[in-house]
Amino acid sequence: MSGVEVRGLTKRYGTFTAVDDLSFTVRPGAVTAFLGPNGAGKTTTMRMMVDHVAPTSGGVTIGGRRYRDIPRPTTVVGAAFDASAFHPRHSARDHLRIYAAMGGHPDRRVEELLGLLGLASAGDRATGACSTGMRRRLTLATALLGDPGVLLLDEPGNGLDPEGTAWLRSFLRDLAGQGRAVLVSSHVLSEVQQVADDVVVIRRGRLLAAGALGDLAGAERTVRVSSPDAALLARALAPGARRIDQDGPHDLRVHGLEPARIADLAAAHGLRVHGLAAHQPSLEELFLDLTGERTNA
Ligand SMILES: Nc1ncnc2c1ncn2[C@@H]1O[C@H](COP(=O)(O)OP(=O)(O)OP(=O)(O)O)[C@@H](O)[C@H]1O
């Protein structure tokens with residue numbers, strides 16, 4: 001099965017850089033969560049993967065080939081971008097048949113997918129009368145028509161109720177379990193945390209972190225320090241720390257120094273420490289930290 005290689009991908013609109021020198025890999029047999037706050041550049045990146053948007057520089061290969069060089073692309077990569085892109089009077093079945101015809105896929109595949117996605121009873125329903133959840137399933141079905149090994153799904157969980165979310169998670173796991181490379185974008189970590197093997201985090205078009213979800217979670221132990229001399233202490237710790245956040249007048253969050261080292265440095269500078277606690281941030285905290293969306297400690 002194929003994966004996706006993104007190398008130096010950049011997109012500028014005039015002077016605005018929407019995607020900035022992005023490189024990452026989406027591997028087969030795994031769900032990769034593509035995370036970032038609204039406007040981070042996720043959709044633009046995914047659209048460049050399938051030639052909907054032309055990169056300013058850099059590029060993407062899928063199974064070693066550029067999208068435009070793949071003879072029947074829908075058999076290699078399935079993209080699901082906009083769940084509202086339906087003709088409201090077409091039935092779910094008609095919608096799939098049209099896309100099946102365009103991709104050269106047999107009508108029998110339409111019936112298979114209606115069944116697989118739990119849409120069999122909704123096949124004759126006008127898409128305009130379908131619920132958000134049904135439209136999400138129909139978007140997925142469309143992406144799956146060519147039985148592709150790579151799936152690019154832009155915010156597939158948007159607007160789903162808890163039941164739909166649970167269904168989507170197990171569906172995505174199944175797709176990865178079949179050996180497919182599954183890229184799922186979201187601006188909410190909790191939505192994908194339970195299903196993702198790997199994560200790619202971007203902000204303002206730039207890569208912040210990429211790798212196995214477990215590695216990312218384990219990497220970022222911090223130490224919370226409470227001190228009436230917080231400002232002086234921050235200065236004393238700065239040379240050895242990776243980063244220090246001032247959470248309040250007396251509270252620091254120190255990245256990259258162990259508690260014992262912090263206590264020793266405080267003692268060496270004659271500074272008072274009233275509290276010292278190692279803290280393993282939750283993934284949610286880590287994500288908010290990375291994307292700069294954290295508003296307090
Ligand atoms: N055609 C365009 N012309 C100008 N700017 C654009 C264009 N398309 C996207 N942008 C800008 O590029 C940035 C990234 O947009 P993009 O839709 O890729 O982000 P996103 O991470 O998918 O966000 P969201 O989660 O809100 O969908 C945004 O600031 C957006 O306004």
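1. Terms for helix packing. Angles under 35 degrees count as roughly parallel, over 145 as roughly antiparallel, 65 to 115 as roughly perpendicular and the rest as oblique. Axes are lines fitted to C-alpha atoms, for helices over the stretch in contact, and the angles run from 0 to 180 degrees between N-to-C directions. Helices (H or I, at least four residues) and strands (E, at least two) are DSSP runs numbered from the N terminus.

2. Basis of the model. This is a predicted model, in which local features need pLDDT of at least 70 and side-chain atom pairs count only at pLDDT 80 or more, while totals for chains, interfaces and linings use all residues. Residues are numbered from 1 along each chain as its sequence is written.

3. Overall description. The protein has 10 helices and 13 strands. Along the principal axes, its C-alpha atoms fill a box of roughly 80 × 40 × 35 Å. Of the 297 residues, 37% are buried; a residue is buried if 20 or more other C-beta atoms lie within 10 Å of its own, exposed if 12 or fewer, and partly exposed in between, with C-beta atoms placed from the backbone. Among contacts with a separation of 6 or more, 69% join residues 24 or more positions apart. Two residues are in contact if their C-beta atoms, placed from the backbone, lie within 7 Å.

4. Helix 8 and helix 9. The axes of helix 8 (residues 230-237) and helix 9 (residues 259-268) come within 10 Å and cross at roughly 110°, so the two helices are roughly perpendicular to each other. Helix 8 passes helix 9 in a right-handed crossing; a crossing is left-handed if the near helix is turned anticlockwise from the far one by less than a right angle, and right-handed if clockwise. On the helix 8 side L233, A236 and L237 take part, and they meet I262, L265 and A266 of helix 9. This contact has six nonpolar, no polar and no charged residues. In this classification Ala, Val, Leu, Ile, Met, Phe, Trp, Tyr, Cys and Pro count as nonpolar, Asp, Glu, Lys and Arg as charged, and the others, Gly among them, as polar.

5. L276 and its contacts. L276 lies in strand 13 (residues 275-279). Its 16 C-beta neighbours inside 10 Å make L276 partly exposed. Apart from neighbours within four places in sequence, L276 is in contact with V223, V225, P259, I262 and A263. I262 also belongs to the contact of helix 9 with helix 8.

6. Helix 2 and its two partners. Helix 2 (residues 92-103) packs with helix 4 (residues 132-143) at an angle of about 25°, the axes being 10 Å apart; helix 2 and helix 4 are therefore roughly parallel. The contact is made by A92, H95, L96 and Y99 of helix 2 with L138, A141 and T142 of helix 4. Its residues are five nonpolar, two polar and no charged. With helix 3 (residues 107-116), the axis of helix 2 comes within 9 Å and crosses at roughly 135°, which makes helix 2 oblique to helix 3. Here A92, R93, L96, R97 and A100 meet D107, R109, V110, L113 and L114 of helix 3, a contact of six nonpolar, no polar and four charged residues. Helix 2 passes helix 4 in a right-handed crossing, and helix 2 passes helix 3 in a right-handed crossing.

7. The ligand shell. Which residues are around the ligand? They are Y13, F16, A18, G36, N38, G39, A40, G41, K42, T43, T44 and H187, where near means a C-beta atom, placed from the backbone, within 6 Å. By class, the shell has four nonpolar, seven polar and one charged residue.

8. Two positive phi values. Most residues other than glycine have a negative phi. D51, in the loop between helix 1 and strand 4 (57-62), has a positive phi near 60°. E155, in the loop between strand 6 (150-154) and helix 5 (162-177), has a positive phi of about 45°. D51 is partly exposed, with 14 C-beta neighbours inside 10 Å, whereas E155 is buried, with 21 other C-beta atoms within 10 Å.
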